[in-house]
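I opened the model to look up a few local features. My notes follow.

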Amino acid sequence: MKKISNILLAVTFALPLFTACETDNDSNPILNEPDTFTLNTPAYAANNVYDLKNAQTVELTCSQPDYGFPAATTYTVQASFEQDFIEATDESKANYTVLESTSPTAKINVDASELNNALLDLWTAVNGEQAELPTEPVAVYIRLKANITSSGKGVCFSNVIELPNVLISKSTSSLTPPKTMFIVGSMLDTDWKVWKPMAGVYGMDGQFYSMIYFDANSEFKFGTKENEYIGINDNRVTVTDKAGAGVSGSDNFVVENAGWYLFYVKAAVKGDDYQFTITFYPAEVYLFGNTTGGSWAFNDEWKFTVPATKDGNFVSPAMTASGEVRMCFKTDLDWWRTEFTLHDGEIFYRDFNLIDSWTEKGDGYSVQGSAGNVIHLNFTAGTGEKK
């Protein structure tokens, strides 16, 4: 979704003419630096349910900050589920969200879809990816940030108002999360003809992952379908490098540092478009469950060794007991969301195409192990074996 900014081409007074009170003369306006300004509570807020899925806009009005003279002002909307707005620190995130669209007037028609999506993201950030969305209206708190347009001057915040009955929904758009995701690039083939399908995160629509070896300075793009080339300069894309891959580029994504990485894509619906969050995770694969003697956590004792080459094998520690072999990648999610198994020598992912478990594929679908067994995985070929 492209950022929308409403910027006036000119302001009432040229910024270089702003002066502090102590240097005021007859020809220069005096710039006050107000601490706050008034945001009005909508007349029917107490008894009105703001159903953001079915509404077009939420109207807000405010008084202009007292800058000492009329000045073109830009207003930004901030929203929280708490009355006290808390700023981000090195240890924690802010407890509010900021809408991308701004307003040049003191009458602000907030796009209901944008507000809904911002609150939905905030709800997930506060309560976790697996948190259920409330089915009843909740209280939402709003404040405005103001500044003199096209400048960093006159920054101040309004009072906080409460909208006690706001109904947020999973989506206010007819657009749904993509069902497929592909990656293409020089690390797969020099002609860029191989579109590698990615596995879908179990139970998480619109999220995908793939273990890939990147040569030094590999270039790639991705897409929700073949021949859809989404690059790093697409303003819908945000990149997080948790593995030290050295991700850069001006059109294609460029991975500076050679090695194995878990490439992860989250495609979130934002109005009538997607917002893509790209994450590079370290290449960490683990054994879980009965074959480890009952380990159900990311224990480095059960981490696979990582090969140094594209065609090398990831190798597990030797199992200590019998049972179903449970394997997964390490991300920020629960381990079973990126779980996989071996069947007939091929790596098979527990993605969102499976309703519950391997059992719907038939008895014995998941590979079984015994004490002393070791698993070899070749993610380039998509194969594996138990030894």
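Helices here are DSSP runs of H or I of at least four residues, strands are runs of E of at least two, and both are numbered from the N terminus. I noted that this is a predicted model, in which local features need pLDDT of at least 70, side-chain atom pairs count only at pLDDT 80 or more, and totals for chains, interfaces and linings use all residues. Residues are numbered from 1 along each chain as its sequence is written, and side-chain values use heavy atoms, with hydrogens and water left out.

I checked the length of α1 (residues 112-127): its 16 residues at 1.5 Å a residue should span 22 Å, and the end C-alpha atoms are 22 Å apart, which agrees. The expected span is 1.5 Å times one less than the number of residues.

Next I looked up cysteines and found zero disulfides in the whole structure; the cut-off is a pair of cysteine sulfur atoms within 2.5 Å. The sulfur of Cys62 has its closest cysteine sulfur in Cys156, 9.6 Å away, so the two are too far apart for a bond.

I then turned to the open sheet, which has five strands in the order β11-β10-β14-β17-β16 with antiparallel pairing. Strands pair if DSSP finds at least two bridges between them. β11 (196-197) and β16 (247-248) are the edges, each with a single partner strand, so one side of each has no neighbour in the sheet. β16 is joined to β17 (residues 253-255) by two bridges, and Val247 stands opposite Val255 in β17.
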